[in-house]
There are 2 protein chains.
Amino acid sequence: MSGSTELERPAGFLAAAVKAGIKPSGGLDLAVLVSDRECSAAGTFTTNRVAAAPVHWDRSILPSGSIRGIIINAGNANAATGQLGLDNARATASAAAAVLGCRTDQILVASTGVIGHQLPMPRVEAGLRAALDAATEDVSQFHEASRAIMTTDTRPKVVSLRREINGRAVTLLGLAKGAAMIGPNMATMLGFLLTDARVDPERLRGMLKAAVEDSFNCISVEGHMSTNDTVLALANGAGGVEDDTLLAGMIREACITLAKMIPDDGEGATHLITIDVEGASTSEDARAIARAVADSPLVKTAIHGADPNWGRIVSAAGYAGVPFEEADLSLWLNEVPLYRDGAPLPFDDATVSANLRANRETHIRLVLNHGPAAVRFWTCDLTAEYVRLNADYTT
Amino acid sequence: MSGSTELERPAGFLAAAVKAGIKPSGGLDLAVLVSDRECSAAGTFTTNRVAAAPVHWDRSILPSGSIRGIIINAGNANAATGQLGLDNARATASAAAAVLGCRTDQILVASTGVIGHQLPMPRVEAGLRAALDAATEDVSQFHEASRAIMTTDTRPKVVSLRREINGRAVTLLGLAKGAAMIGPNMATMLGFLLTDARVDPERLRGMLKAAVEDSFNCISVEGHMSTNDTVLALANGAGGVEDDTLLAGMIREACITLAKMIPDDGEGATHLITIDVEGASTSEDARAIARAVADSPLVKTAIHGADPNWGRIVSAAGYAGVPFEEADLSLWLNEVPLYRDGAPLPFDDATVSANLRANRETHIRLVLNHGPAAVRFWTCDLTAEYVRLNADYTT
């Protein structure tokens, strides 16, 4: 499904990545994703009140409809940068539009990196011109793009899906970055989905919203919401297939696959934790409980320490703001029942601890008896390495 | 104000602490605080849906009015323990009432420690009988009590206040514990206020509620709400003074003094962080912003690393759920202006970093231009030592 040898490329899309000199490391830091024709486009964004300039820009142009490409930089978030930041986001789009011969409002932008610093515009503009000149359909450039958007990620995050229907193919390629809003001055999750399916913007928006709800909105590393979170989908119709059921399923699968990669690559993480909350009255209730458990440093450190300290899990569920009685709640940890209907069950500490220690994947299952709603949420553990990366290796 | 040499004792109260054998360490783990006459009493408690058995017990008896004493154990939270836990909380009160010759519903109980284990009742009952037999007015026993209620606290937390009015004195003694819901299997903040002032329960409840709102409800260590949080106030009238304005001020001062001691003693903490949020429309808005900043692991690690990474602070404010525009927000860090009306200000990184490093106390000031509401909140930084204490030193 993913991996450098197998990556499938949707028809009509080009990519490139360059070293524009934005990251102090001097690595790849600017990527372009371009379609050879106009695309239906949809986006979902951070709900942070301190939203980055590129988020404001993308929100303003998405209703206009026909998108030609996305310019992404890492190393600078262009967030908390005031009017100059907004001007720079627009100037980025404008410079790309001039090269592509399209309107400025047909270019989306995305940024990730340090907050509160202005973009080095001469480098950004020179970089995006070089990248647009070099953009190619070659799969290797999509791989390069997935590396260019990394900040503290330890590995690129890509997925591709190909489905055939009546002898014609739909291909979807997804790229994401994120290891938390994390690292010395680093930030954000970004996701990009490119497909050659045909779909109108309104329906694409619905598909993306539903998929993000169950994927990128169900992950956390440390619970700090970024200023820059952005997921963009482009559909250029170059493959000629129009099948909403098929495409919605592919978007959902790609989003979940990419989303899980983020906490799995969370800074310092030694465990990927899957949290299932079932039997809630509403999915909002289920999500609130899952998020409280996922964001508790005490739950995260207990998993890190392979400590079957389940009181931390049920007590986090208890402060999620969802009304319930203790007798409504049961808990399983890696399939071992620890707490049923509000009372503790006997279990062997050493066995559960050994099981936690032996498996990178941890499964927390909380069941209420309130209703039919369920949610699946992913997070990672909290380690001393996370603290070191965010405190000790600093300016 | 506090400290072993200066502690003042309110008239008519007795205390003792014993080693009941509840803590595996074998240390002091059971304290009694008793009045020689009936007291007006008030309490505030965790809002966690998984509330500990002693919280249920205390809530049920407080309306009855006349309290004689409090039995406190550390080493076991009696939380998530089902019906047997509730029975054990009542049995604890019943055993104390039998010794004191009062009704069971005149005895409050409080517990802190491991969640999900049943209290060792023979030890609890033997311990409380020994403590009640030994209880004395001697100040040293109040000090011992403040040690007995500690879990992962590194130091006891006590305060006493004495005010004279018309030649007569009001004395208030406060004890607290808490270093987070924290440590291998440990939990909770507890606070106890004893005064010889005269006040009816209804007015005492109002004073305590107001004081807790601005003190114990304005602190966090890692943001994990305990199942056992409890603050109890007893007023026995033995000093004869009835002056609500005086007493309300003393209760407020004692609560704030004790509350600040908790994040200052937060596990692994190297900084006490004071967060002022000003200019909000409502105090709920101000508190929501302060709490989001206080609970962000990225803010906490930045302070730990003396990193003036202010983007983490304003972005945490941005996801607090309070609507505002970026241009509404300004930020000072240790009195240095970093962000004004939504735009970054130039500042010298090295100077601000050196200042953060040199001072244990850190001051974050966020100002909106929405209204008159303000809140002061206290937290601590997040260190690798916190992670080690909660993960690596485990079962």
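Is C218(A) buried or exposed, and what is its relative accessible area?

A: The model is a predicted one. C218(A) is buried. Its relative accessible area is 1%. The cut-off explains the label: a residue counts as buried under 20% relative accessible area.

C218(A) is accordingly in no disulfide. The nearest cysteine sulfur belongs to C255(A), and it is 11 Å away. A disulfide needs two cysteine sulfur atoms within 2.5 Å.

C380(A) gives a second case. Its closest cysteine sulfur is that of C218(A), at 15 Å, so the two are too far apart for a bond. C380(A) is also buried, with a relative accessible area of 1%.

Strand β14 of chain A covers residues 373-380. In chain A, six strands form an open sheet, in the order β12-β11-β10-β13-β9-β14. The pairing in this sheet is mixed. Two strands of chain A stand at the edges: β12 (343-344) and β14. Each has a single partner strand, so one side of each is left without a neighbour in the sheet.

Further in, β10 meets β13. Strand β10 of chain A spans residues 330-333, and strand β13 of chain A spans residues 361-367. The two run antiparallel and are joined by four bridges. S330(A) has V367(A) as its bridge partner in β13(A).

Helices pack here too. Helix α6 of chain A, residues 244-264, lies across β9 (272-280) and β14 of chain A. Its direction is at about 45° to β14(A). Helix α7 of chain A, residues 283-295, packs on the sheet as well. Helix α7 touches β9, β13 and β14 of chain A, and its direction makes about 20° with that of β14(A).

One loop residue of the sheet region deserves a stop. D341(A) lies in the loop between β11 (336-340) and β12 of chain A. Its phi is near 50°, a positive value in a residue other than glycine. D341(A) is partly exposed, with a relative accessible area of 47%.

N334(B) has a positive phi of about 45°, although it is not a glycine. It sits in the loop between β10 (330-333) and β11 (336-340) of chain B. N334(B) is buried, at 13% relative accessible area.

Stay in chain B for an arginine. R68(B) is found in strand β3 (residues 67-76) of chain B. R68(B) is buried, with a relative accessible area of 16%. Among the residues that R68(B) touches are D36(B), E38(B), C102(B) and Q106(B). R68(B) and A97(B) are 29 residues apart in sequence, yet their C-alpha atoms are 8.6 Å apart in space.

Last, step back to the whole of chain A. Its secondary structure comes to 11 helices and 14 strands. The radius of gyration of chain A is 22 Å, close to the 21 Å that the globule rule gives for 395 residues, so chain A is as compact as a globular protein of that length. Its C-alpha trace spans about 70 × 55 × 40 Å along the principal axes. Among contacts in chain A with a separation of 6 or more, 80% come from residues 24 or more positions apart. The accessible surface of chain A is about 13100 Å², and 50% of it belongs to carbon and sulfur atoms.

Notes: Residues numbered from 1 in each chain as written. Chains lettered and ligands numbered in written order. Predicted model: local features only at pLDDT ≥ 70, side-chain atom pairs only at ≥ 80, totals over all residues. Heavy atoms only, no water. Pairing = 2+ DSSP bridges. Contact = heavy atoms within 4.5 Å. Axes fitted to C-alpha atoms, helices over the stretch in contact; angles between N-to-C directions. Buried < 20%, exposed > 50% of the residue type's maximum accessible area, 1.4 Å probe, protein only. Rg over C-alpha atoms; globule rule 2.2 N^0.38 Å. Areas by Shrake-Rupley, 256 points an atom, 1.4 Å probe, with all protein chains shown as cover. Lists of a residue's contacts leave out its neighbours within four places in sequence.
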